[in-house]
Amino acid sequence: MQKTDHIHLRCPGNMGMLGCIVQIFFPLKKKTAKYAGNWDPKSKQPLTYKMQKWILNNTFLTRNMQVLVYGEWENQSKNIKSFFTATYSESEKEVILKDKKSAEKTFIFVGTLAHGKNPMYAVKLIEELIKNDNRTILHIFGEGIERASLENYIKKNQLEQFVFLHGNQNKETLKQFYKKSHFVLLPSKSEGWPKAIAEGMFWGCVPLATNVSCLPFMIDYGKRGILLHMNKRKDLSQIEEILLNQNRLEEMGKLASEWSQNYTVERFEGEIEKLLVK
């Protein structure tokens, strides 16, 4: 840190915690920090996460630094700057045309098949939609310790024609599935910047996500997506309401795409450059 021109921290984490403490002794150095987790001050988090957030938000201990966080929060210090992450470039932008003729609606889940991402809840939601005579299918991308239990549940409940496990796939394959999907589903317990939601929105998918981290901000508090209650009855009601209203579905998908396509790789690189020259 003493020899460098610019100090950058990535938090939360063990090295991030150490870096937060050591940077205190270099108040004149230009510094940035990326807080990649949930910045919500009200969220339940480990003590070490809270300590890192407290140091970064303290302008006496953390001087000459810009802290990049996901979402916009009240009562934050002048250090804090709302930021984003990007996957797609300007050249990949296109007008998205979803299938309007088919009554069947496609859902996509992208993420680690682990308890924290709640893939089983996604499968059970689709199961209930089917029981209520909604023509829906779910494509699941990712690997993890819950894959076996998902396979068993799908087989036991005869969902093989409606729920498909694709494992890990490359960016181009995911893009093609996003483009033909109507909804991107992520009932996650905790997020920083939910990449799968931002990617799905880029391609006009209506996001269905939990009320954690910056997700309410991303979906504009319900205008371009749905916040899940993690209660099947309530969530089914919300989803079915949109399934019955094609115009609302199209409008939400359009708003989602317009918002997400603002955050391209080129804009991301430009914003990073601004941080380094300040």
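Contacts of K175, excluding neighbours within four places in sequence, involve Y88, E92 and W203, contact meaning heavy atoms within 4.5 Å. K175 is part of helix α5 (residues 171–180), helices being DSSP runs of H or I of at least four residues, numbered from the N terminus. With a relative accessible area of 10%, K175 is buried (under 20% relative accessible area, 1.4 Å probe, protein chains only). The model is predicted, with local features requiring pLDDT of at least 70 and side-chain atom pairs pLDDT 80 or more, whereas totals for chains, interfaces and linings use all residues. Residues are numbered from 1 along each chain as its sequence is written, and side-chain values use heavy atoms, without hydrogens and water.

Helices α3 (residues 119–131) and α4 (residues 147–156) pack at about 15°, their axes being 10 Å apart; axes are lines fitted to C-alpha atoms over the stretch in contact, and angles run from 0 to 180 degrees between N-to-C directions. The two helices, α3 and α4, are therefore roughly parallel (angles under 35 degrees). Residues P119, M120, V123, K124 and E127 of α3 meet S149, L150, Y153 and I154 of α4.

The largest nonpolar core, with 59 residues, has V123, L138, Y178 and M218 as the members with the most contacts inside it; such a core is a set of buried Ala, Val, Leu, Ile, Met, Phe, Trp, Tyr and Cys residues joined through side-chain atoms within 4.5 Å. Helix α3 supplies the largest share of this core, 8 residues. Beyond four places in sequence, V123 touches L138, I140, L150, Y153, I154, L159 and V163.

Methods. Parallel < 35°, antiparallel > 145°, perpendicular 65-115°, else oblique. Buried < 20%, exposed > 50% of the residue type's maximum accessible area, 1.4 Å probe, protein only.
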